[in-house]
Amino acid sequence: MQGPGPAQGGIALPPLTRGLKVLLIALFGLYVLQLICENYLGIPVSLLAWAPGTPGPWQPFTRFIYQMADPPGFLLMLLAFYFFVPPTLEQNPRRELIEIAAAVFLGSTLLALGMDQFFPKSATAGWGSVLIAMLALFGLRAPGSTILLAFVIPIEARIFVALSGGIAGLTLLFAPGLQGGDYLGAFLGVLLWWYGRGPGKRRRELASQGRQVERELRRFTVLQGGQSDDDLVH
């Protein structure tokens with residue numbers, strides 16, 4: 001898959017900046033440390049995951065540190081971060097990023113808590129909900145741009161909104177409880193921010209103002225014709 005942006009043809013990868021490189025190395029190192037602690041040192045780092053039932057009060061916050069994915073799944077997730085972290089940081093001002101992060105965290109946490117009351121069947125951990133939020137945000141920010149899927153297939157970015165929503169919905173069906181609520185809540189958090197405080201709200205307000213101006217213009221009657229030849233002024 002080509003990095004988010006206009007499709008130019010061929011294989012192109014987003015630049016590996018120093019900050020992105022540090023982030024990916026840090027995430028990879030945390031995963032290796034988790035595996036060593038779990039499988040060789042007997043340290044119960046799984047307590048960082050958000051488990052159903054009666055979780056520790058720290059788990060809603062530490063769930064992003066612990067990874068439930070196997071190595072292939074983890075590497076695919078890391079690759080997705082490589083592609084979508086740069087446009088997330090570039091396309092969104094810092095103030096809006098803080099608001100989006102708060103909306104995603106509150107949405108995913110509250111919906112996960114609610115689902116756990118009725119379906120205490122699944123745990124949640126990792127970056128899945130964060131990636132869903134980034135996919136949806138990218139599709140909302142640049143809906144008309146084209147990217148190359150698998151370096152070959154051109155698709156419009158707006159599809160990522162439906163894709164992230166579909167993943168969240170299927171996860172809710174597959175793993176009802178904390179994980180399903182976590183994923184769906186992250187997706188809804190992005191949408192609520194976008195249409196409640198973000199550009200979606202501003203576009204709706206501008207459209208409403210435009211319709212109001214059109215209604216005002218319709219109140220004026222345009223008279224056809226003008227002064228006749230017989231209307232002479234002496």
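Helices here are DSSP runs of H or I with at least four residues, numbered from the N terminus. The structure I present is a predicted model, in which local features need pLDDT of at least 70, side-chain atom pairs count only at pLDDT 80 or more, and totals for chains, interfaces and linings use all residues. Residues are numbered from 1 along each chain as its sequence is written, and side-chain values use heavy atoms, with hydrogens and water left out.

I begin with the surface. Phe28, Val32, Ile36, Tyr40, Leu41, Ile43 and Leu75 make a nonpolar patch of about 690 Å². Such a patch joins nonpolar side chains (Val, Leu, Ile, Met, Phe, Trp, Tyr) within 5 Å, from residues with over 30% relative accessible area and no salt bridge. Areas come from the Shrake-Rupley method with a 1.4 Å probe, and for residues only the protein chains shown count as cover. Helix 1, residues 18–39, gives the most to this patch, with 3 residues.

I turn now to the salt bridges, of which the structure holds 6. A salt bridge is a side-chain nitrogen of Lys or Arg within 4 Å of a carboxyl oxygen of Asp or Glu. Arg95 pairs in this way with Glu99, their closest N and O atoms being 2.9 Å apart. Both residues lie in helix 4, 4 residues apart, about one turn of the helix.

What does the pair of Glu99 and Arg197 tie together? Glu99 lies in helix 4 and Arg197 in the loop between helix 7 and helix 8, so the pair ties together parts that are 98 residues apart in sequence. Finally, a network of salt bridges links Arg95, Glu96, Glu99, Arg141 and Arg197.

How values were computed: Patches are made of residues with over 30% relative accessible area and no salt bridge: like charges are joined within 9 Å, nonpolar side chains (Val, Leu, Ile, Met, Phe, Trp, Tyr) within 5 Å. Helices (H or I, at least four residues) and strands (E, at least two) are DSSP runs, numbered from the N terminus.
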